[in-house]
Amino acid sequence: MTSSAVHSTEETAGRAPPASGEYIAPAPRVSVQAFCETAETAAAVKSAGEDRRLGKVHLTVKMGGLAAAIEAYGAMPTPNVILLESEAGINILAGLDQLATVCDPGTRVVVIGSEHDDAPYRELVRRGVNDYVVGPVDTLDVVRSICGLFSASEAVTTGRIIAVVGAKGGVGASTVAHNVAWMIARDLALDSVVIDLDLAFGTAGLDYNQDPLQGIANAVFQSDRPDTMLMERLLAKCTDRLSLLAAPATLERVYDFGAEAFDAIFDTLRMTTPCIVLDVPHQWLGWSKRVLMSADEILIVAEPDLANLRNAKNLLNVLKASRPNDRAPLYCLNQVGMHKRPEIDVAGFAKAIESPPLAVIPFDSRMFGTAANNGQMIAEISAGHRTTQIFRQIAEQLTGRGEFKKPRGSFLSPLIRKLRGNRAAERRRAS
Ligand SMILES: Nc1ncnc2c1ncn2[C@@H]1O[C@H](COP(=O)(O)OP(=O)(O)OP(=O)(O)O)[C@@H](O)[C@H]1O
Ligand SMILES: [Mg+2]
């Protein structure tokens with residue numbers, strides 16, 4: 001392909017994403033108490049507490065800075081993390097010495113200072129300060145600092161979760177998820193796991209030509225918290241770097257889950273797996289909503305029709321609103337150019353959604369049908385094909401890898417030309 005079918009996420013997101021390629025791993029279930037000096041810092045800390053990455057954190061925000069902290073902890077035990085805003089001009093080192101006398105040894109301390117602080121960083125570290133952030137801070141500074149206390153200190157991988165969901169049923173969301181994950185594993189050499197969350201009807205086992213497996217069902221229905229050993233046992237190896245947590249795809253039982261049913265599975269897997277691709281069925285339930293809300297990246301797959309457009313827009317709106325500190329979800333158009341089907345053109349779709357698609361995948365029943373029947377990926381049956389390149393470029397964009405050349409001219413022009421050409425041909429035939 002040509003650079004015209006996949007677009008850099010910087011253009012796509014519509015607003016500046018967090019620093020490019022930046023990945024902030026979620027914080028574990030810890031307690032954080034903040035003592036702020038200014039209303040602005042208190043507001044930033046409160047809004048950080050609403051970020052998905054601090055979803056498990058129990059956060060309280062008080063005013064009064066270092067002095068209030070010293071007073072408070074004289075009478076009560078210290079939490080896992082204390083966040084202190086220090087006022088310019090106070091003797092922060094003396095204050096920290098005093099705090100040390102009432103602070104439990106395991107407590108981590110973050111200081112939000114100002115550029116006028118004169119205490120050397122070395123001295124702060126000597127007093128047990130784990131992180132020092134120069135104010136004024138914004139929401140993401142606080143999220144980054146708290147999460148960084150844990151991800152840096154534990155020798156574990158903190159895998160990135162990419163959720164793929166269809167704007168409607170049957171649009172090809174699973175097909176896209178499986179092909180993109182396969183590309184991430186092969187071309188980007190990232191160890192990856194695909195989780196088929198469509199327990200009743202999932203097709204990942206068929207698409208990767210794996211024997212029927214219980215995978216995800218065994219993990220989600222067992223009463224103990226799944227550990228790494230169990231997860232390793234449940235994974236089916238598809239390629240060198242790609243494994244599958246397959247759906248049973250049987251109907252002996254129903255699959256009603258609580259909203260947090262998959263949390264422990266994801267937490268365990270991300271300790272050992274750099275990239276986790278979720279094949280999320282087209283449903284809006286407590287658990288599926290939570291899975292999308294808490295993913296690191298979201299890809300919505302849509303076909304170019306009205307219902308898909310409405311649903312994609314609704315999904316984008318609700319996900320953007322609840323993830324204000326994240327890059328906006330991305331979307332791609334699939335099955336574009338189906339013979340004789342009236343379609344919303346790409347430009348019109350992009351205009352209504354208010355951002356261009358990450359990629360436009362052409363309709364090709366022969367190629368996709370052959371791949372599905374053989375249990376193979378598009379790259380395996382059509383290595384040099386344009387669609388293979390599109391999947392690779394989606395993989396690069398979702399993992400924050402790979403350089404993108406800016407398309408020459410408008411990325412829509414070839415498609416518009418094609419669609420208009422088709423319409424002109426139809427008119428000629430009709431007249
Ligand atoms: N670009 C394409 N061109 C032609 N056929 C396609 C294309 N993409 C997917 N398909 C086919 O569309 C069908 C549905 O795909 P898939 O199961 O991936 O959709 P889905 O959105 O996951 O559906 P469900 O809602 O059932 O989970 C499959 O037969 C697949 O091979
Ligand atoms: Mg599916």
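This is a predicted model: local features need pLDDT of at least 70, side-chain atom pairs count only at pLDDT 80 or more; totals for chains, interfaces and linings use all residues.
Local features need pLDDT of at least 70 and side-chain atom pairs count only at pLDDT 80 or more, while totals for chains, interfaces and linings use all residues. Residues are numbered from 1 along each chain as its sequence is written, and chains are lettered from A and ligands numbered from 1 in the order in which they are written.

**View 1. The shell around ligand 1.** The ligand is surrounded by 21 residues (C-beta atom, placed from the backbone, within 6 Å), and Gly169, Gly172, Ser174, Thr175 and Phe368 are the closest. Two or more residues each come from α7 (173-186), β12 (330-336) and α15 (365-374). The most come from α15, which gives 4 residues. Helices (H or I, at least four residues) and strands (E, at least two) are DSSP runs, numbered from the N terminus.

**View 2. Pro281 in its loop.** Pro281 lies between β10 (275-280) and α12 (286-294). Pro281 is buried because 20 C-beta neighbours lie inside 10 Å; the cut-off is 20 or more other C-beta atoms within 10 Å, placed from the backbone. Beyond its neighbours within four places in sequence, Pro281 is in contact (C-beta atoms, placed from the backbone, within 7 Å) with Leu197, Asp198 and Ser288.

**View 3. Packing of α7 against α17.** The axes of α7 and α17 (residues 386-399), lines fitted to C-alpha atoms over the stretch in contact, are 8 Å apart. Their angle is about 75 degrees, on a scale from 0 to 180 degrees between N-to-C directions. The helices are therefore roughly perpendicular, a term for angles of 65 to 115 degrees.

Note on methods
A residue is buried if 20 or more other C-beta atoms lie within 10 Å of its own, exposed if 12 or fewer, and partly exposed in between; C-beta atoms are placed from the backbone. Two residues are in contact if their C-beta atoms, placed from the backbone, lie within 7 Å. Angles under 35 degrees count as roughly parallel, over 145 as roughly antiparallel, 65 to 115 as roughly perpendicular and the rest as oblique.
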